[in-house]
Amino acid sequence: MEDGEMQNVMKVWLSISVSLTYCYIIGKMSPKGFTRLLCVLPVVFLFLVLPLQLTSVHFGGMTSFLIAWLANFKLLLFAFGKGPLCLDPEISFGRFICVACFPIKITQIPPRKPYQNGHRHGNGAQTSHSKNGQDGRKIVSKKGNHKSFLNYATKGLLLAMLIATYDYTDSIHPKIMWLLYCFHIYFFLEIFLAMVAYMVRILLGLELEPQFNDPYLSTSLQDFWGRRWNLMVTSILRPIAYEPILNTCKNLIGVKLAQGMAILGTFGVSALMHELIFYHLGRVRPTWEITWFFLLHGVCLTAEIALKKAVNGRWQFPRPMQTILTIGFVIATGFWLFFPPFVVCKAVDRAIEEYAAVRQYLKPCVQFLLGFVNRSSGL
């Protein structure tokens with residue numbers, strides 16, 4: 001990877017830090033509403049174009065996802081006093097920056113009831129342990145939500161094996177390679193975000209919301225998109241897309257139809273943000289296949305929910321069959337509509353080149369360490 005790209009990464013993230021510092025000050029000086037929105041909009045537009053300064057698939061893609069999408073949506077909610085940036089009115093500067101940039105979830109402890117008859121009433125048993133943050137806020141760590149080190153180590157090993165197979169792409173059928181790309185995306189995102197979560201937890205004592213909950217075990221599209229895949233996106237799309245559409249439409253067309261419209265609208269917003277990320281990755285004109293992918297899933301999810309209500313639990317496939325059908329549908333539609341844009345923007349080829357550059361860069365370090373170990377063992 002060129003030194004110029006690393007300099008661009010530092011410049012981009014310095015610009016992000018300065019912009020979020022401005023937003024933090026605006027939050028202290030400007031009341032929520034239209035005035036704060038006008039103050040925040042220049043930062044939103046800046047965040048839309050900053051990823052264009054990066055050419056790396058990994059740096060550019062993650063910056064686009066974290067900043068052009070998630071941070072921008074959080075700032076739009078922040079302008080109206082909503083979303084994760086407004087959960088704590090006394091949020092510290094450091095936490096404001098981290099919550100804006102990363103998929104951070106700060107879990108609150110419900111207030112305890114006052115003492116009655118010498119006993120305190122509360123739900124402290126629901127959490128593993130808690131501690132006070134620097135600003136006096138309770139930060140709850142739910143240990144049950146954290147996967148084991150062995151889990152991540154296994155996925156890291158599998159990711160390394162996947163990357164190694166890219167040296168033999170000419171001998172592997174393209175459809176099989178696309179299947180490997182599915183696992184590559186999942187493993188890379190989960191491991192990368194887990195590393196970010198660990199660093200933020202160590203430095204600030206904050207809890208990052210797990211991004212994935214074993215999506216390969218999904219039993220329905222509702223389970224896949226709502227409870228297992230990219231959970232921070234789900235939680236941020238609800239207040240910024242689903243709820244406004246639902247509240248707007250329910251008085252016009254009724255609650256049932258409004259729910260369907262809200263689901264389709266939410267998938268439509270997600271589709272446009274994915275198109276933006278792919279544009280940041282390849283700088284090529286959108287083919288709109290990704291949009292059709294998400295709209296198709298929105299229609300199918302709406303139909304699935306309606307069918308579940310009609311059947312009302314009277315009949316269903318065995319759980320293993322539900323998982324096979326769900327994951328099969330996601331992969332099949334991904335092959336059809338989601339992965340072709342990867343080929344168009346040459347994201348996979350560029351990612352392979354970046355992995356090769358990293359390996360070449362680390363090779364002397366590995367040789368030095370091996371030589372040191374051999375010399376030490378000879379002593």
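Are Phe294 and Phe338 buried or exposed? Both Phe294 and Phe338 are buried. The model is predicted. It holds 24 aromatic pairs and one cavity of 30 Å³ or more.

**Aromatic pairs**

- Phe294 pairs with Phe338 edge-to-face, with 6.3 Å centre to centre and 75 degrees between the planes.
- Phe294 lies in helix H10 (residues 289-311) and Phe338 in helix H11 (residues 319-338), so this pair ties together parts that are 44 residues apart in sequence.
- Phe294 also forms an edge-to-face aromatic pair with Phe293. Here the centres are 5.0 Å apart and the planes stand at 90 degrees.
- Phe293 is buried, and so is Phe294.
- A pair of rings is described by two values, the distance of the centres and the angle of the planes.

**A charge over a ring**

- Arg36 lies over the face of Phe78.
- The distance from Arg36 to the ring centre of Phe78 is 4.7 Å.

**The cavity**

- Empty space left between atoms shows up when a probe the size of a water molecule is rolled over them.
- The largest cavity has a volume of about 90 Å³.
- Its lining includes Glu275, Phe278 and Tyr279. Val284, Arg285, Pro286, Thr287 and Ile290 are also among the lining residues. Pro341, Val344 and Cys345 line the cavity too.
- Helix H9 (255-282) and helix H12 (340-344) each supply at least two lining residues.
- Which helix gives the largest share of the lining? The largest share comes from H9, with three residues.

- Pro341 is found in helix H12, and it is part of the lining of the largest cavity.
- Pro341 has a relative accessibility of 9%, so it counts as buried. The cut-off for buried is under 20% relative accessible area.
- The C-alpha atoms of Pro341 and Thr287 are separated by 7.4 Å. Along the chain, Pro341 and Thr287 are 54 residues apart.
- Thr287 is also in the lining of the largest cavity.

**Helix H6 and its end**

- Helix H6 covers residues 174-204, which is 31 residues.
- At 1.5 Å a residue, H6 should span 45 Å. Its end C-alpha atoms are 44 Å apart, which agrees.
- Gly205 follows H6. The phi of Gly205 is positive, near 70 degrees.

- Asp214 is not a glycine, yet its phi is positive, about 50 degrees.
- Asp214 sits in the loop between H6 and helix H7 (221-228).
- Is Asp214 buried or exposed? Asp214 is buried, with a relative accessible area of 18%. That value falls under the 20% cut-off, so the residue counts as buried.
- Arg283 is not a glycine either, and has a positive phi of about 55 degrees.
- Arg283 lies in the loop between H9 and H10.
- Arg283 is at 32% relative accessibility, so it counts as partly exposed.

**The loop between H10 and H11**

- Phe317 lies in the loop between H10 and H11, and Pro318 lies in the loop between H10 and H11 as well.
- Phe317 has a relative accessible area of 41%, so it is partly exposed.
- Pro318 is at 54% relative accessibility, so it counts as exposed. The cut-off for exposed is over 50%.
- Which distance separates the C-alpha atoms of Phe317 and Thr219? The separation is 9.6 Å, with Phe317 and Thr219 98 residues apart along the chain.
- The C-alpha atoms of Pro318 and Thr219 are separated by 9.5 Å. These two residues, Pro318 and Thr219, are 99 residues apart along the chain.

Key
Residues numbered from 1 in each chain as written. Predicted model: local features only at pLDDT ≥ 70, side-chain atom pairs only at ≥ 80, totals over all residues. Heavy atoms only, no water. Helix = DSSP H or I, 4+ residues; strand = E, 2+ residues; numbered from the N terminus. Expected span 1.5 Å × (residues − 1). 1 Å grid on protein atoms, 1.4 Å probe; cavity = no way out; pocket = protein on both sides within 12 Å on 5 of 7 lines; lining within 4 Å. Points joined across faces, edges and corners; volume = space filled by probe spheres on them. Phe/Tyr/Trp six-rings, centres within 6.5 Å; stacked < 30°, edge-to-face > 60°. Buried < 20%, exposed > 50% of the residue type's maximum accessible area, 1.4 Å probe, protein only. Lys NZ or Arg CZ within 6 Å of the ring centre and 35° of its normal.
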